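Work through these exercises with the sequence and the model side by side. Try each task before reading its solution.

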Amino acid sequence: PKGVMISNHSLVVQTLNIIQDLNINSKTRFLHAPPLFHLAGAGVAHACTFAGATQMFLPEYNPAAYLKEVLRTQATLISLVPTMISEIFDQDDVNSFIKTVDTIVYGAAPITEQLLKKVLSKCPDINMIQIYGQTECSGPCLILPPERHVISGPLAGKLGSAGRANLTSEVRIANDSGTELDRGYPGEILIRGPSTMLGYWKQESLTAETLRNGWLHTGDVGTMDSDGFVKVVDRKKDMIVTGGENVFSSEVENVLANYPGINYCAVIGVPDKKWGERVHAIIGIKEGTVVDLESLRSFCKESIASYKCPRSLDCITDPLPVSGVGKVRKDILREKFRKGNLK
């Protein structure tokens with residue numbers, strides 16, 4: 001974590017954005033799940049406080065206890081990160097616990113289309129809202145509203161995106177020099193608006209590198225379509241360069257998520273004498289399940305280019321390492337694999 005300096009004005013701007021985008025009012029009953037040290041939890045807390053909504057808390061999060069509390073408190077709004085969504089919707093009786101829930105807001109980490117479709121099929125009447133943002137912009141700057149969480153009809157086709165810029169943000173996709181790219185081309189996501197940070201505490205060089213010409217350089221790689229919807233394809237630091245080709249780990253993970261027997265996965269780049277880096281898959285499987293690399297590669301080749309397919313594989317049954325807010329810690333995975341400790 002970095003010391004991000006955020007003004008009171010920026011927090012107020014984002015609070016009002018969240019109230020509007022999540023339709024929070026005095027009748028809202030919000031049960032917290034993400035920790036309050038992260039804006040995924042604190043941002044909605046600010047909005048609920050401003051709007052006079054009811055807020056409920058648990059001492060700590062676990063899926064079973066959380067679902068019971070949703071039912072007991074008659075919550076109408078819940079906020080989850082993708083790992084939490086996966087845990088909760090793996091339970092067959094999830095519908096019996098979330099009868100009063102009107103809206104599920106999610107973000108803070110990438111989510112697969114497979115998981116979203118699973119939620120939509122189980123709970124078609126619940127409003128799903130995706131938010132994308134960073135601590136450096138005081139909260140969400142992209143919003144994917146409920147009407148875009150559909151798999152058919154005239155508004156379909158945006159499920160894989162993080163949404164469009166909210167009311168107070170400008171968003172562009174740019175190359176390394178900051179020049180805006182044509183629609184559809186991958187580049188760094190830049191954000192400008194009244195919610196961006198003042199800088200990093202006592203880190204002038206890092207601030208100058210991140211805030212350039214009025215734009216916040218997020219470190220995320222994305223594409224923007226002709227309608228202004230942004231798809232986040234990877235963190236710049238997680239992008240794999242293999243044989244001179246760029247591979248976005250999230251693209252490979254989205255394909256692997258559909259492979260039978262895989263519960264969860266993470267894709268990282270690891271050193272390789274021939275390719276510089278190779279695409280390495282770490283997959284969570286059920287006890288007794290066998291997944292071999294060649295079958296996995298053949299499956300992936302049906303959807304993505306051969307050079308993007310995993311060249312090595314580790315099968316695990318233990319959970320992936322995650323941060324306090326539920327993001328997969330790929331830095332830990334890379335370090336463990338290089339040391340040969342990953343089992």
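This is a predicted model: local features need pLDDT of at least 70, side-chain atom pairs count only at pLDDT 80 or more; totals for chains, interfaces and linings use all residues.

Residues are numbered from 1 along each chain as its sequence is written, and side-chain values use heavy atoms, with hydrogens and water left out.

**Exercise 1. Describe how helix H1 packs on helix H2.**

Step 1. Locate the elements. H1 spans residues 8-21 and H2 spans residues 39-51. Helices here are DSSP runs of H or I with at least four residues, strands are runs of E with at least two, and both are numbered from the N terminus.

Step 2. Get the geometry. The axes lie 8 Å apart, at an angle of about 75°. Axes are lines fitted to C-alpha atoms, for helices over the stretch in contact, and angles run from 0 to 180 degrees between N-to-C directions.

Step 3. Classify the angle. H1 is therefore roughly perpendicular to H2. The classes are: under 35 degrees roughly parallel, over 145 roughly antiparallel, 65 to 115 roughly perpendicular, the rest oblique.

Step 4. List the contact (heavy atoms within 4.5 Å). From H1 come Leu-11, Val-12, Thr-15, Leu-16, Ile-18 and Ile-19; from H2 come Gly-43, Val-44, His-46, Ala-47, Phe-50 and Ala-51.

Step 5. Sort the residues. Nine are nonpolar, three polar and none charged. Nonpolar covers Ala, Val, Leu, Ile, Met, Phe, Trp, Tyr, Cys and Pro; charged covers Asp, Glu, Lys and Arg; the others, Gly among them, are polar.

**Exercise 2. Repeat the analysis for helix H4 and helix H6.**

Step 1. H4 is residues 82-89 and H6 is residues 113-122. Their axes come within 11 Å and cross at roughly 45°.

Step 2. H4 and H6 are therefore oblique to each other.

Step 3. Pro-82, Ile-85, Ser-86 and Phe-89 of H4 touch Leu-115, Lys-118, Val-119 and Lys-122 of H6. The set divides into five nonpolar, one polar and two charged.

**Exercise 3. How many disulfides does the whole structure hold?**

Step 1. Apply the cut-off, a pair of cysteine sulfur atoms within 2.5 Å. The search finds zero.

Step 2. Check Cys-48. The closest cysteine sulfur, in Cys-141, is 19 Å away, too far for a bond. Cys-48 is buried, at 0% relative accessible area. Buried means under 20%, exposed over 50%, partly exposed in between (1.4 Å probe, protein chains only).

Step 3. Check Cys-315. The nearest cysteine sulfur, that of Cys-265, is 11 Å away. Cys-315 is partly exposed, at 29%.

**Exercise 4. Is Pro-310 buried or exposed?**

Step 1. Read the accessibility. At 0%, Pro-310 is buried.

Step 2. Find its surroundings. Beyond neighbours within four places in sequence, its contacts include Val-252, Leu-256, Val-279 and Cys-300. Val-279 is 31 residues away in sequence, yet 4.7 Å away C-alpha to C-alpha.

**Exercise 5. What is the phi of Lys-202, and what is that of Asn-213?**

Step 1. Recall the background. Most residues other than glycine have a negative phi.

Step 2. Lys-202 has a positive phi, near 60°. Lys-202 sits in the loop between strand S11 (199-200) and helix H7 (204-210), and is exposed at 71%.

Step 3. Asn-213 has a positive phi, near 55°. Its loop joins strand S12 (211-212) and strand S13 (215-224). At 75%, Asn-213 is exposed.
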